Amino acid sequence: MISETENCGDNMKKSLSVAMILLTFINIFAICATIVSFAAEVTTPVLKKAEVNYGNVTVYWENTRTADKYRVYRKIGDGDWEYIGSTGKGFSSYKDDTVKNGRTYTYTVRAIYGKLYSSYDKEGVEAKYVSTPKIVEIKNYYSDSVRIQWNKVNNIKKYVVYRKDTKNQDWVKVAQTTSLQYRDFDIVNGRNYRYIVKAIGENGGRSGYVKNVKITALKAPEEVKLTSSSKGVKISWNKMTSGTGYRVYRKLKGATEWDLVTKIKGNTTTSYTDTKVKNGKTYIYMVRQVKGSTLGTYNPHGYTIKYIIPPKLTAKHSPNGIVLSWDKAVTGNGYKVQRKASGENEWKTISTITSLSKLKYTDEKPVYGKKNYYRIVVSDSKLVSNKRALYGINPKKKMVALTYDDGPYTPVTNQILDVLEENNARATFFVVGSRVSTYKDCIKREYSLGCEIGNHSYNHTILTSVGASTIKAEIADTNKAVKNITGQAPKIVRTPGGAVNSTVRENVGYPMFNWSVDTLDWKYRDSSSVVSSIKSNVRDGSIVLMHDLYGSTGNATEEIVPWLIKNGYQLVTVSELMAVKGIDVQKGELYCSAY
Ligand code: ZN
């Protein structure tokens with residue numbers, strides 16, 4: 001039964017007094033029956049729901065067209081009905097903002113028509129009111145997340161955070177927490193997001209508060225790949241276009257702080273090799289965009305790699321073929337030996353080795369006359385050794401080593417190199433160290449064509465006429481000058497004038513090479529005499545002496561190289577000749593041919 005309060009019960013009292021005038025013979029105890037009897041003429045409102053909103057509970061009902069107004073009643077728990085307010089004609093809801101956190105309210109509504117009252121739904125509709133955690137701040141946070149902070153609500157079990165974005169219209173539950181903030185990393189640059197934080201009361205009630213945020217941060221590249229190489233960890237990522245560059249960060253596994261590895265200007269460079277890494281360590285990398293001084297978002301988990309140095313490969317000529325040897329890999333279950341000859345597109349596996357401790361393989365059938373590239377792939381891992389390239393030399397065919405002293409000298413050296421390049425042939429250049437920096441481009445070209453660069457002293461000093469320290473300096477200075485250009489120091493020496501004595505042998509530190517065919521090109525300066533000298537003296541294993549200082553020598557080379565090839569000779573370097581002929585050269589020893 002509805003009991004009216006003193007303050008809010010005027011209308012109910014009036015209607016009661018009207019009823020009493022009309023029905024004076026009915027005593028006061030019949031009020032209930034009276035209401036019911038008149039209510040038959042005014043439709044009872046059908047209740048829909050009581051909903052918890054921010055700061056209120058709203059009651060909804062179906063609007064009955066006949067009603068002039070509605071009166072709303074409330075009870076708390078098992079208490080009595082209490083009039084709380086009324087609405088005008090045409091209303092179908094009422095906001096009760098006198099609610100308290102944690103309480104359960106039941107509502108009912110009566111329709112009024114003139115002096116007549118409807119009946120009411122005695123069950124009512126119930127709502128467990130929970131104060132709403134108001135979102136006090138929502139923003140892009142550290143450029144990699146959205147941070148939502150809200151007010152504390154007492155006596156609740158937890159908060160639940162929901163999100164939806166402009167692309168995804170459904171609310172997605174992103175977190176349950178008892179803390180008063182949440183950082184959402186699962187965001188995409190440029191999208192609009194809405195968040196609701198709901199409090200879940202101890203009594204099961206819930207409330208919610210909505211707020212919007214637009215993500216304006218620079219999105220991080222999502223396809224980040226890491227690979228170990230002999231140089232370090234290579235980080236590569238997909239190109240992003242919204243920034244003006246990238247920053248790459250690294251940390252050791254277990255560390256909390258990111259270290260900046262590099263700043264990259266422009267967005268077209270999409271890889272970087274971090275050389276400051278140690279074998280066996282596990283690293284975590286992340287890449288973010290940068291626009292001016294604004295840093296983009298990043299993946300806080302990063303991308304992890306255990307850095308393992310790929311095996312280092314060496315390749316040498318031998319009488320049996322090209323001998324490959326490599327360092328033992330730390331992981332994996334074997335190796336694949338792969339080869340690709342110049343002009344081929346694909347790496348071909350030439351041997352599969354199933355033992356991790358077998359570290360040598362001889363390629364007995366390299367592609368003759370071509371540069372053969374080799375690499376070792378560690379099975380069951382992505383490790384690939386450094387590449388090595390050697391020309392394929394057929395040990396069963398004749399071979400000769402043409403050598404040129406006293407250069408470089410651009411007009412002649414280049415003329416010779418043109419011939420060698422055209423004929424897929426190689427020679428050995430014993431260079432004078434003091435000339436090397438002047439003719440840098442010649443040195444580079446000799447090296448890139450697979451020719452061998454030998455040491456012919458620094459000042460063309462006759463080494464038999466000087467002491468140990470000068471001999472050492474003459475050799476060391478030239479080696480240094482060449483290494484500065486090619487990255488590789490010469491491993492063979494020809495002493496000026498071919499002069500060798502015991503002091504030279506003891507101090508030169510490398511194998512020495514003279515010749516078996518002397519063209520005397522420096523003396524006659526005549527190409528036909530050079531050509532005929534070679535034609536009449538050359539044999540399998542010869543070392544031929546010339547000088548890349550004279551045009552006549554360049555012209556002779558143009559003629560003799562095709563002739564040698566036509567006559568079955570492979571044109572090889574001095575070191576190749578000795579290796580393929582099975583001669584194990586020693587430092588301080590003098591060699592004049594491979595026979
Ligand atoms: Zn010389």
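Which residues does Leu 402 touch, not counting residues up to four places away in sequence? In this predicted model, the list runs to Ala 427, Thr 428, Val 544, Met 546, Val 561, Leu 564, Leu 571 and Val 572.

Leu 402 belongs to the largest nonpolar core, a set of 33 residues. Together with Leu 420, Phe 429 and Leu 564, Leu 402 touches the most other members of that core. H3 gives the most, with five residues. Apart from this core lies another one, of 20 residues, including Ala 50, Val 52, Val 59 and Ala 67.

**The chain as a whole**

Stepping back, the chain holds eleven helices and 38 strands. Of its 595 residues, 47% count as buried. The chain exposes about 29,400 Å², and carbon and sulfur atoms supply 47% of that area. If you take the contacts between residues at least 6 apart in sequence, 66% of them join residues at least 24 apart.

**The zinc site**

Now for the metal. The zinc ion has Asp 406 (OD), His 456 (NE2) and His 460 (NE2) as its protein donors, lying 2.1 Å from it. Along the chain, these donors follow the spacing D-x49-H-x3-H. Asp 406 sits in the loop between strand S31 (398-405) and helix H3 (410-422), while His 460 sits in the loop between strand S33 (452-455) and helix H6 (468-486), so the pair ties together parts that are 54 residues apart in sequence.

His 460 has a relative accessible area of 31% and is partly exposed.

**Strands and their partners**

Over to the sheets. Strands of a sheet pair through backbone hydrogen bonds, in either the parallel or the antiparallel sense. Strand S3 (residues 69-76) is mostly covered, with six of its eight residues buried. S3 has antiparallel partners in strand S6 (residues 104-113) and strand S4 (residues 82-87). Arg 71 has a bridge partner in each of them: Arg 110 in S6 and Ser 86 in S4. S3 and S4 form a hairpin with five residues between them, and Gly 77 in the turn has a positive phi of about 60°.

Another piece is an open sheet of three strands, ordered S24-S25-S28 with antiparallel pairing. Strand S24 (313-318) and strand S28 (360-363) stand at the edges with a single partner strand each, so one side of each has no neighbour in the sheet. On average, neighbouring strands here are turned by 20° against each other, direction ignored. Where S25 (residues 321-326) meets S28, Val 323 stands opposite Thr 362.

| Strand pair | Bridges |
|---|---|
| S3 and S6 | eight bridges |
| S3 and S4 | five bridges |
| S25 and S28 | four bridges |

Note on methods:
Residues are numbered from 1 along each chain as its sequence is written. This is a predicted model: local features need pLDDT of at least 70, side-chain atom pairs count only at pLDDT 80 or more; totals for chains, interfaces and linings use all residues. Side-chain values use heavy atoms; hydrogens and water are left out. Helices (H or I, at least four residues) and strands (E, at least two) are DSSP runs, numbered from the N terminus. Buried means under 20% relative accessible area, exposed over 50%, partly exposed in between (1.4 Å probe, protein chains only). Contact means heavy atoms within 4.5 Å. Accessible areas come from the Shrake-Rupley method with a 1.4 Å probe; for residues, only the protein chains shown count as cover. Two strands pair if DSSP finds at least two bridges between them. Axes are lines fitted to C-alpha atoms, for helices over the stretch in contact, and angles run from 0 to 180 degrees between N-to-C directions. Donors are N, O and S atoms within 2.8 Å of the metal (3.2 Å for Na, K and Ca); water is not among the atoms, so sites may look incomplete. A nonpolar core is a set of buried Ala, Val, Leu, Ile, Met, Phe, Trp, Tyr and Cys residues joined through side-chain atoms within 4.5 Å.
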